[in-house]
Amino acid sequence: MGCGTSSATEDKKSEKALKAALVIQNWYRGYRARLKTRQRYALTIFQSIEYADEQGQLQLSKFFSFMLENYTRVQEKEPGLVTRLFGSSIQDKDRQDYLGLLEVPDSYCGPRLQFPLTFTDIDLLIEAFKQQQILHAYYVLEVLFETKRVLQQMPNFTHTRTSPSKEITICGDLHGKLDDLFLIFYKNGLPSASNPYVFNGDFVDRGKNSMEILMILFVSFLVYPNDLHLNRGNHEDFMMNMRYGFTKEILHKYKLHGKKILQILEEVYTWLPIGTIIDNEVLVIHGGISESTDLNLLHRLERNKMRSVLMPPIPMDGDCAEKKNKLGTTSLLGIRTSGSFSEQLTKQEWEQVVDILWSDPRGKRGCYPNTNRGGGCYFGPDVTAKILNKYHLKMLVRSHECKPDGYEICHDGKVITIFSASNYYEEGSNRGAYIRMSYGTTPRFFQYQITRATCFRPLYQRVNAIESSAIRMLKERMISRKTDLTRAFQLQDRNKSGKLSMGQWAFSMENVLGLNLPWRSLSSHLVTTDKDGNIDYMSGFQDVHIQKPVKEVQSTLIETVYRYRSDLQIIFNIIDSDHSGLISMEEFRCMWKLFKSHYSVHIDDSQFDELAERMDLNKDGSIDFNEFLKAFYVVHKFDKLNKSDNKLA
Amino acid sequence: MADDRDRDGTEVAVAEFHKKIKEAFEVFDHESNSTVDVREVGTIIRSLGCCPSEGELHDLIAEVEEEEPTGYIRFEKFLPVMTEVLLERRYRPIPEDILLRAFEVLDPAKRGFLTKGELIKYMTEEGEPFSQEEMEEMLSAAIDPETNSINYKDYITMMVIDEN
C-alpha cells in the first residue's frame with residue numbers, strides 16, 4: 001500500500017529473500033553432493049570390474065601351468081599344440097626375413113618415413129594421424145626393428161638428470177587414447193633435447209589408436225633416444241594385448257602383415273626398460289614396489305626374458321629330468337628350454353618384475369598380495385619409506401591406476417600416481433594429467449579432459465552417462481553369473497518367497513561376483529524393492545539376457561561361454577599361432593576339455609560339440625573362433641529407449 | 001528419550017544404518033585405510049539423504065574431527081555421529097513445494113522465471129553464498145541459453161525426475 005516503503009517492510013522483505021536463498025542453496029548442495037556420489041559409484045564399478053578382469057587374466061597363467069602338468073595327455077593327442085604354445089619366438093627374428101619381401105606401393109598416400117629419422121618425421125606422423133591415416137606396415141616394421149636395436153643397448157633403468165632450465169615431463173597411462181597425447185604435446189610441446197619426457201607404460205590396449213601412439217612414441221624415441229624415456233607397463237605384454245584389444249586393432253588395421261607386426265612387437269616389449277631414475281632421487285616405474293623390491297637385482301637381471309606376466313618360469317627340479325627321460329627326446333621341457341634353462345628368469349627375478357609392473361599403494365601399513373588384480377601387491381607407507389630410504393631416493397612416481405583428477409599424492413607426499421588417459425572408462429569419468437619437475441623444485445601438475453561435443457555438458461548429464469554405462473556393465477556381469485547367483489539367492493530364501501532382505505541380497509552379490517561395491521546404494525538401479533524393503537532377487541535379470549546363438553542349447557552353456565569369452569579368446573589366439581582365425585575342431589575340443597577341468601565347469605562335451613555344429617562354424621574341420629565368440633553377447637531390453645532418453649532437456 | 005519398547009526396532013535399524021554408512025564412507029576412502037578427506041565429509045553426509053546447511057555441516061565436522069585436526073576423518077568417529085543423525089532423522093531434505101515457494105519469493109512479480117543476473121546475485125550474495133564452482137555448475141544446467149534465464153518450475157521438475 002502506498003509508494004513509500006518503511007524500513008520495517010524492507011527488512012522483512014530481505015529476511016524472506018535470505019530464507020529463500022538459504023532453501024535453494026541447501027537443496028542445491030544436497031543435489032550436487034548426490035550427483036558427485038553417483039559419479040564416484042560409477043567409477044568404483046568400472047574400477048572393480050577392471051581389476052576383476054585383470055585377476056581373471058592372471059588366473060590364466062595358472063591354467064597354462066595346469067596344462068603343462070597335464071601335457072603328457074595333451075602331447076599324445078596334440079603333439080603340435082604344446083610346442084606351438086611354448087616353443088615359439090625364442091630365436092631372434094631376422095630383419096631381412098620380415099622386410100625383405102615388403103614394399104610400399106606408389107599408390108600409398110599415407111606418411112612416408114625417412115631413415116635415419118629426424119624431428120620432421122615426428123611432425124609428419126602427427127599430422128597424418130590427425131587425418132586418420134594409417135602408417136604402412138613396412139614403416140611400422142622398420143620402426144619396430146630399429147626401436148628394438150636401440151633399446152637393446154640400454155640398461156634396465158634409464159638414469160637422467162634435470163636442471164632448472166631443463167625440466168622433465170612425466171606422463172602416465174595413455175591406453176591408445178591418441179587425442180590425449182595430442183593434447184599433451186599441444187599444451188606441453190613436442191619432445192626434444194630441451195623438452196624431455198618420460199612415458200610411464202601402458203601406451204596400448206583399450207583405446208582405438210594404440211598403434212598410432214606407439215609409432216609416435218617409438219619414432220620420437222629414435223629421434224631423441226636420450227630425452228624420450230619409455231618404461232614398460234603391464235600392458236606392454238603380448239598376452240594382455242590379446243584380451244584388451246591391441247592385438248585386434250593390429251589385425252584389423254594390418255590385414256596382410258599384422259602377424260609379422262605382432263611377432264616383432266612381442267620382442268620389442270621385452271626390451272623396454274623397467275624404469276627411469278631422475279636425478280638419483282625420483283624413481284619412475286609403472287606399478288609400484290613390494291617390501292622385497294631389490295633395485296640391484298632389478299638392474300642386473302636380463303629383462304628381455306620377461307615375455308609375459310602370464311608365463312611364469314617353470315620350476316626346475318628333479319621332476320623335470322624324470323619327465324624328460326620318460327618321453328625321450330621330445331619332452332615339453334626339452335622344447336621349452338632348447339638351449340638351456342637360461343632362457344627364462346629365475347622365479348625371484350620374475351616376481352620382482354611383476355611387483356614393479358602390477359603393485360598398488362594403499363594406506364594400510366605392510367605389504368599384502370594384490371587380491372584385486374591377482375598379481376603384484378598392495379604396499380603401505382612404511383614399505384615406501386623403507387625402500388626409498390634403502391636406495392637413497394626421495395620419491396616414487398607411478399601410474400597404473402585411474403584417478404578422477406588425473407593424479408593423486410599419497411604416503412606423505414612420497415608416492416605420486418600419474419594417469420594420462422582422460423575419460424578412461426567413459427566420457428566424463430576422469431581427467432588426465434602430467435607432471436613437470438626439475439631438481440630442487442616442487443613438481444607441478446597439469447590436468448586436462450578431452451571432451452568432444454559434450455564440451456560444456458552440465459554435470460548431471462555427464463553423470464547420467466557414466467552411471468548408465470557402469471550399471472550396464474554390472475548387469476552384464478550379473479547375467480553372466482545368473483546360475484550361480486540364483487543358487488546363492490535360493491539357498492538363503494527358506495520360504496521360497498522370491499524375496500530376500502537387503503543384507504542377504506548384498507551378501508550374495510558380493511560373494512558370487514567377487515566385487516567389493518556399495519550394493520545397498522546401487523540396489524535401486526539393479527533390482528526392485530517392495531514397500532517393506534525386501535528385494536525381489538530375480539528382478540535383477542529381467543531386462544538383460546544373453547543372446548542365444550542357437551535356440552536348442554542349454555542356458556548354462558551359453559552363460560559359461562559368455563562368462564569366459566575373454567579367456568577363451570586368448571587361448572584360441574595362442575593356439576592359432578599363424579593368426580589365421582581358424583583352429584582345428586580337434587584342437588578346439590581338446591582345449592575345451594582342459595579348460596573345463598581346470599575351471600571346474602560342468603558341461604557335457606556333447607553339448608559343446610552340438611553348439612559348434614549348429615552354429616555352422618565348422619569349416620572343413622576348422623572352426624572360426626572369432627565368429628564363435630562374437631555370437632555370444634548381452635542384449636539389454638531397454639537399449640532403444642535409453643538412446644532417446646539422452647536427449648533430456 | 002529412547003523408550004525400551006523402541007529398542008528392538010532401533011537395533012535392527014541401527015545395524016542397517018551402520019552398513020549404509022560404511023558403504024558410503026568406503027567409496028570415498030581412497031587409500032582403504034578407514035579415513036576420508038575432511039572436504040568430502042559433506043558429500044558423504046548428503047549422499048545418505050541428509051540436507052544440513054553449511055553451518056550445520058560445520059558443526060558436524062567439528063564433532064567428528066580429531067582433537068588436533070589432521071585433515072582426515074576416521075570412520076570410528078564418523079560412524080556413531082552419523083548413526084545418531086540418521087536415527088533422529090535430522091536435516092531432512094527440502095520438499096519440492098517448499099523449494100518452489102522459495103523461488104517464487106525471489107520472483108515477486110510472478111514472471112515464472114529469474115534472470116541469470118538475479119540468480120547469481122541471490123546465490124552469491126545472500127544466505128550461505130555459493131562458491132564460483134557451485135554457481136557455474138548450477139548455471140550450466142539451469143539457464144536456458146536463449147533467454148538467459150531460469151524457468152524455475154521446469155528446472156525443479158527436471159531435477160526431481162533426474163534424482164528418481
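Predicted model: local features only at pLDDT ≥ 70, side-chain atom pairs only at ≥ 80, totals over all residues.
Q: How many cavities of 30 Å³ or more does a search of the whole structure find?
A: Rolling a probe the size of a water molecule over the atoms shows where empty space is left. Here the search of the whole structure finds nine cavities of 30 Å³ or more. The largest cavity has a volume of about 60 Å³.

Q: Which residues lie nearest the centre of the largest cavity?
A: E50(A), D173(A), H175(A), H400(A) and Y424(A) lie nearest the centre, out of 14 residues in the lining. By class, the lining comprises seven charged, four nonpolar and three polar residues.

Q: Which residues of helix α10 of chain A are buried?
A: A residue counts as buried under 20% relative accessible area and as exposed over 50%. In α10(A), residues 246-253, the buried ones are F246(A), T247(A), E249(A) and I250(A). Viewed down the axis of α10(A), these buried residues fall within an arc of 160°, so they line one face of the helix. K248(A) and H252(A), on the other side of α10(A), are exposed.

Q: What do the buried residues of α10(A) pack against?
A: They pack against α8 (210-223), α9 (238-244) and α11 (258-271) of chain A.

Q: What is the strand order in the open sheet of three strands?
A: The order is β15-β17-β16 in chain A, and the pairing is antiparallel. β15 (499-500) and β16 (528-529) of chain A are the edge strands, each pairing on one side only.

Q: Over how many bridges do β16(A) and β17 of chain A pair?
A: β16(A) and β17(A), residues 535-536, pair over two bridges in the antiparallel sense. T529(A) has I535(A) in β17(A) as its bridge partner.

Note on methods. Residues numbered from 1 in each chain as written. Chains lettered and ligands numbered in written order. Heavy atoms only, no water. 1 Å grid on protein atoms, 1.4 Å probe; cavity = no way out; pocket = protein on both sides within 12 Å on 5 of 7 lines; lining within 4 Å. Points joined across faces, edges and corners; volume = space filled by probe spheres on them. Nonpolar A, V, L, I, M, F, W, Y, C, P; charged D, E, K, R; others polar. Pairing = 2+ DSSP bridges. Helix = DSSP H or I, 4+ residues; strand = E, 2+ residues; numbered from the N terminus. Buried < 20%, exposed > 50% of the residue type's maximum accessible area, 1.4 Å probe, protein only. Arc of directions from axis to C-beta. Contact = heavy atoms within 4.5 Å.
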